[in-house]
Amino acid sequence: MAAAAGALPAARLESVRALSALFREAQPRQTAGESVFRNVLEILTNTSSTIEQTCKDSCGLADLDTCLLLIAECFRCLRNACVECAKNQHVMRNLGLISTSVHLIKLLHGLQIKEELLLTALRCSLQFLGNIAAGNGDSQNSIWKCAFPDLFLTCLTYSDEKIVTYCCMVLFTCLNSERVRELLDPGNLTVALHVLRVYKEQLDSEWSFLIVTEHLLKCPELVKALYAKLSNQERVTFLELMMVKLSDKDSVTSEEMNVFVRHADFLAVCFQEKCGAVLKLTAAADAEDEEALVTIRLLDVLCEMTSNNSQLEHLQAFPGLLETAVDTLRLTHLAGKQAVNIFTATHAVTGQEEISHPAVGFKSHLIRLIGNLCYKNKENQEKVYDLDGISLILDNCSIDDNNPYWGVYSKHRDRASKLLRKCV
C-alpha cells in the first residue's frame, strides 16, 4: 500500500480492494500501521478534489464512475479495519478521517445523480462512521461535532432505504442523554421528526425503533415538543411505540419508570382534551377519523400505564381523569343507544366476526381505566358512585360483538360489584 496513493486509479482500486479483504481478519487489523490509513486518507482527499473539478467542468462522467468505485472501496477498507479494533479507530480519528468522510458525504449528496455507484459509496461511508463510533466515545464526539445536524437531516430523508438505515445506525450510536436534549432546539427537532417518519414508513427499521424507545422517550420535554409537531397518523405511531416500551416491563429501568410518570401527566391532559373526538366514529364514513384514532391510542397507553403500580398511584390522583373516563363512557353509551353504530350493543356473540373497526373494544378499555383508577382507592370509588357510574358500568358489561372481550368483562363486572358494595 506504500505506493498506492500515487498510483493510477485502477492500480489504487485493486490495492485498496486487497486491503479491504485483508481487514476482514482480526490479526491484520491489529497489526496495521498508521501509514496504511494515511494512504487511504490521501486517496480520499485526492478523489474528492477530482470530483469537485469534474463537477465544475460538467464532464468526465467516466472519471466520476472510477472515483465513486474508489471511494466506496476506501470506505469498505476503513469500515472493516474498525471492527473490534479501538487502536485503528483512534488512529483514523486522529488523522482526520471522520471530518474527511463527512465532507465527502456532503459532496456526494450534492451530485444529484441516482446511479448505483453513488448509492454504494454513500452506504459504505455511513457504515464506516457507524463502525468508527461503535463503543468509542471520542469518535462519537467527533462525528457529532462534524455531522450534527446537517448530515442526519440529509441522509434521513434519502430515497434509498439502506442509506436511511445506516444513518439511523450512526445516530443511535452517537446519541446520549445530553445530545437528546440538543434535539429540543427548533432547528434540530426535525431530526427527531425524521426518525419517527422513517419508522412509520419502514416498520422493519430496527435502528429507528431503538432511537425512539431507547433515547427519545427518555426526555419528557422532547416528547411534548415532538408530539406537538406530529400529524395525527404520526401520533398514533408514536403512541404505539410508547405502548411497546411500556409493555416490555422487564427492560424498563426504575429511572425510565420515573420518566413515564411525567409522560403520564402529559398524555392524561391530551386524552382529556381530545376524548370527545371518538364520537366521530359513530358515523360509518368517519371510521378512520385520524383524531379519533389518536384518542383510542391515548386510552390504550393510559390503560397500560395504570397497570403499573408506579404510574397507577400518580394517575389515580390526576385531576379530572377519572371524571373524564366516566363521562366519555356515558357519552359513547348514549351515542350507541340513540342510533345504530359501533357503540351500539348487538346482544349477540358470534365469535366469527372480524374485529376491524378501530373503536371495537373502546368502551371496554374505558371501563378498564376506570377500574384501575379505583383500585384500592376509596376516594375514586366514591367518585364513581357519585357520578352514577356503577349502573353505567354494569349496563356496559353485557357481552356482544362490539364488546368482545369475555375475560375482561367478567373482571369489570367484579370490579363494579365491589364498587357497589363499598360505596352504597
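# Notebook: contacts, salt bridges and helix pairs

I started at S48. Setting aside neighbours within four places in sequence, I found S48 in contact with H103, L104 and L107. I then looked up where S48 sits, and it is in helix α3, residues 34-57. Is S48 buried or exposed? S48 counts as buried, at 7% relative accessibility.

I noted for myself that this is a predicted model.

**Entry: the whole chain**

I counted 23 helices and 0 strands. The chain has 424 residues, and buried residues make up 52% of them. Among contacts with a separation of 6 or more, 77% are between residues 24 or more positions apart.

**Entry: Q316**

I picked Q316 next. Q316 lies in helix α18, which covers residues 309-316. Its relative accessible area is 11%, so Q316 is buried. What does Q316 contact, leaving aside its neighbours within four places in sequence? I listed N372, L373, C374, Y375, N377 and N380. I followed up on N377. Q316 and N377 are 61 residues apart along the chain, yet their C-alpha atoms are separated by 7.8 Å.

**Entry: α7 and α10**

I turned to a pair of helices. The axes of α7 and α10 come within 9 Å and cross at roughly 15°. An angle under 35 degrees counts as roughly parallel, and α7 and α10 are therefore roughly parallel to each other. I recorded the crossing of α7 past α10 as left-handed.

Which residues meet here? From α7 I wrote down L119, L122, R123, L126, Q127, L129, G130 and A133. On the α10 side they meet K162, I163, Y166, C167, M169, V170, T173 and C174. By class, this contact of α7 with α10 has 11 nonpolar, 3 polar and 2 charged residues.

**Entry: R123 and its partner**

Side chains of opposite charge can pair when their charged atoms come close. R123 forms a salt bridge with D160, and the closest N and O atoms are 2.7 Å apart. D160 lies in the loop between α9 (150-155) and α10 (161-174), while R123 is in α7 (residues 116-133), so the pair ties together parts that are 37 residues apart in sequence. Are the two partners buried or exposed? D160 counts as buried, at 11% relative accessibility. R123 is buried too, with a relative accessible area of 13%.

**Entry: other salt bridges**

How many salt bridges does a search of the whole structure find? The search finds 21. I looked at a few of them.

One of these joins K383 and E323, with the closest N and O atoms 3.6 Å apart. This pair links distant parts of the chain. K383 is in helix α21 (residues 378-386) and E323 is in helix α19 (residues 321-338), 60 residues apart. K383 is partly exposed, with a relative accessible area of 27%. E323 also counts as partly exposed, at 24% relative accessibility.

E14, R17, E73 and R76 are linked in a network of salt bridges.

Another salt bridge is formed by E291 and K274, whose closest N and O atoms are 3.4 Å apart. Where do the partners sit? E291 is in helix α17 and K274 is in helix α16 (residues 254-274), 17 residues apart. I recorded E291 as partly exposed, with a relative accessible area of 23%. K274 is partly exposed, with a relative accessible area of 33%.

**Entry: α15 and α17**

Helix α15 covers residues 232-247 and helix α17 covers residues 290-305. Their axes come within 9 Å and cross at roughly 15°. The two helices, α15 and α17, are therefore roughly parallel to each other. The crossing of α15 and α17 is left-handed.

I wrote out both sides of the contact. In α15 the residues are N232, Q233, R235, V236, L239, E240, M242, M243, L246 and S247. In α17 they meet E290, E291, L293, V294, R297, L298, D300, V301, E304 and M305. How do these residues divide by class? I noted 10 nonpolar, 3 polar and 7 charged for the contact of α15 with α17.

Technical notes. Residues are numbered from 1 along each chain as its sequence is written. This is a predicted model: local features need pLDDT of at least 70, side-chain atom pairs count only at pLDDT 80 or more; totals for chains, interfaces and linings use all residues. Side-chain values use heavy atoms; hydrogens and water are left out. Axes are lines fitted to C-alpha atoms, for helices over the stretch in contact, and angles run from 0 to 180 degrees between N-to-C directions. Helices (H or I, at least four residues) and strands (E, at least two) are DSSP runs, numbered from the N terminus. Angles under 35 degrees count as roughly parallel, over 145 as roughly antiparallel, 65 to 115 as roughly perpendicular and the rest as oblique. A crossing is left-handed if the near helix is turned anticlockwise from the far one by less than a right angle, and right-handed if clockwise. Contact means heavy atoms within 4.5 Å. Ala, Val, Leu, Ile, Met, Phe, Trp, Tyr, Cys and Pro count as nonpolar, Asp, Glu, Lys and Arg as charged, and the others, Gly among them, as polar. A salt bridge is a side-chain nitrogen of Lys or Arg within 4 Å of a carboxyl oxygen of Asp or Glu. Buried means under 20% relative accessible area, exposed over 50%, partly exposed in between (1.4 Å probe, protein chains only).
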